[in-house]
Amino acid sequence: MTTMLSHERYCSAILDQTNLLCAALGEDADVSVTVPTCPEWTLGQLLLHVGHAHRMATGLVRDRVMEFVPPSTAGEVVPVPGPGDPSADDLPGLTAWLTEGAEALVAVLREAGTDSPVWTFSENQRSAFWARRAAHETLMHRADALGAVGVPFTAEPELAADCVDEWLEILTFPAAVAFKPRLKELPGPGRTLHLHATDTSAELNAEWFIDLTGEGVAWRRAHEKAAVAVRGPLTDVLSVLFRRLPADTDRIEVVGDRELLDFWLERAVF
């Protein structure tokens, strides 16, 4: 069962994660370095991507766009500066531009509230979708940026748990399967996974059971035996799920069918 956070919590998270990202870069980060978890991008290009994502969501929500066709290469192109964008090698310009874009997005989301009609790639055609999506997009790209500058990444537990929820939901969307056909390969007999955060309170219920034995991806918050289990601190479980941390790291424990975990991680991408 999904336990979504409040609209205001997502709005605050967009600002907080953007500010934390920029603060970690300081004034002298090398924006030309390759991002280890996005090796096709430099750090500067990663920042451009985040800023473009914020601005796209701003435009969709502000203009109440109800018909939108994402480009077929949306997940593959290398971000480049557009008109009015800073250069990918201009750190002060990038951080100021990124902060400005996050603030503009949050202003639009707060004005729109949760129920303004807008296009999304889910069945939820409401502005609340973009608040949640932008919060988690920013969170995980903060992880990418911190990895590029050698700063440890940690995520606030409630936000991290909700990020896992949202990711598993996305993998059930018909639009996700259409965009990433390899998701169709996930279902199969005996394919179940369990994610278990070991450092959170019982009230958070940070455990997930992923069931691939049906026609698609099904999941629930639960402590249940599975073919393979991933156990560890929530930030690390989240990072493995999003392929920001290798599954063979000693920061988590994998119990059971390791090949199934690798099979999942190779296909459960968007």
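Start by selecting Thr 138, which touches Ile 14, Gln 17, Thr 18 and His 54, not counting residues up to four places away in sequence (contact means heavy atoms within 4.5 Å). Before moving on, note that this is a predicted model, where local features need pLDDT of at least 70, side-chain atom pairs count only at pLDDT 80 or more, and totals for chains, interfaces and linings use all residues. Residues are numbered from 1 along each chain as its sequence is written, and side-chain values use heavy atoms, with hydrogens and water left out.

Thr 138 sits in helix α4; helices (H or I, at least four residues) and strands (E, at least two) are DSSP runs, numbered from the N terminus. Is Thr 138 buried or exposed? Thr 138 counts as buried, at 1% relative accessibility (buried is under 20% relative accessible area, exposed over 50%, partly exposed in between, with a 1.4 Å probe and protein chains only).

Next, pick Ala 24 in helix α1 (residues 7–25). Ala 24 is partly exposed, with a relative accessible area of 28%. Leaving aside neighbours within four places in sequence, Ala 24 is in contact with Leu 146 and Val 149. Draw a distance from the C-alpha of Ala 24 to that of Val 149: the two are 125 residues apart along the chain, yet separated by 8.3 Å.

Now show α4 (residues 127–149) together with α5. Two packed helices are described by the angle between their axes and the distance between the axes. Here α4 and α5 pack at about 110°, with axes 10 Å apart (axes are lines fitted to C-alpha atoms, for helices over the stretch in contact, and angles run from 0 to 180 degrees between N-to-C directions). That makes α4 roughly perpendicular to α5 (under 35 degrees is roughly parallel, over 145 roughly antiparallel, 65 to 115 roughly perpendicular, the rest oblique). For the side chains, select Arg 132, Arg 133, His 136, Leu 139 and Met 140 in α4; they meet residues of α5 including Leu 159, Asp 162, Cys 163 and Ile 170.

On to the rings. Select Phe 68, Trp 119, Phe 121, Phe 129, Trp 130 and Phe 173, which ring pairs link into a cluster (rings of Phe, Tyr and Trp, its six-membered ring, pair if their centres lie within 6.5 Å; planes under 30 degrees apart count as stacked, over 60 as edge-to-face and the rest as tilted). The count comes to seven aromatic pairs by this rule. One of them joins Phe 121 and Trp 130, edge-to-face at 6.2 Å centre to centre and 75° between the planes. Phe 121 is buried at 17%, and Trp 130 is buried at 4%.

Finish on the sheet. What is the order of the five strands? The sheet is open, with mixed pairing, and reads β5-β4-β3-β6-β7 (two strands pair if DSSP finds at least two bridges between them). At the edges, β5 (218–221) and β7 (253–256) each pair on one side only. The twist averages 15° from one strand to the next. Turn to helix α5 (residues 157–170), which packs on the sheet and touches β3, β4 and β5; its direction makes about 160° with that of β5.

Step across the strands. Antiparallel β3 (residues 192–197) and β4 (residues 207–211) are joined by five bridges, and Thr 192 has Asp 211 as its bridge partner in β4. β3 and β6 pair in the parallel sense over five bridges, with Leu 195 partnered by Val 230 in β6. Four of the five residues of β6 (residues 228–232) are buried, so β6 is largely enclosed by the rest of the structure. Last stop: four bridges join β6 to β7, running antiparallel, and Ala 229 has Val 255 as its bridge partner in β7.
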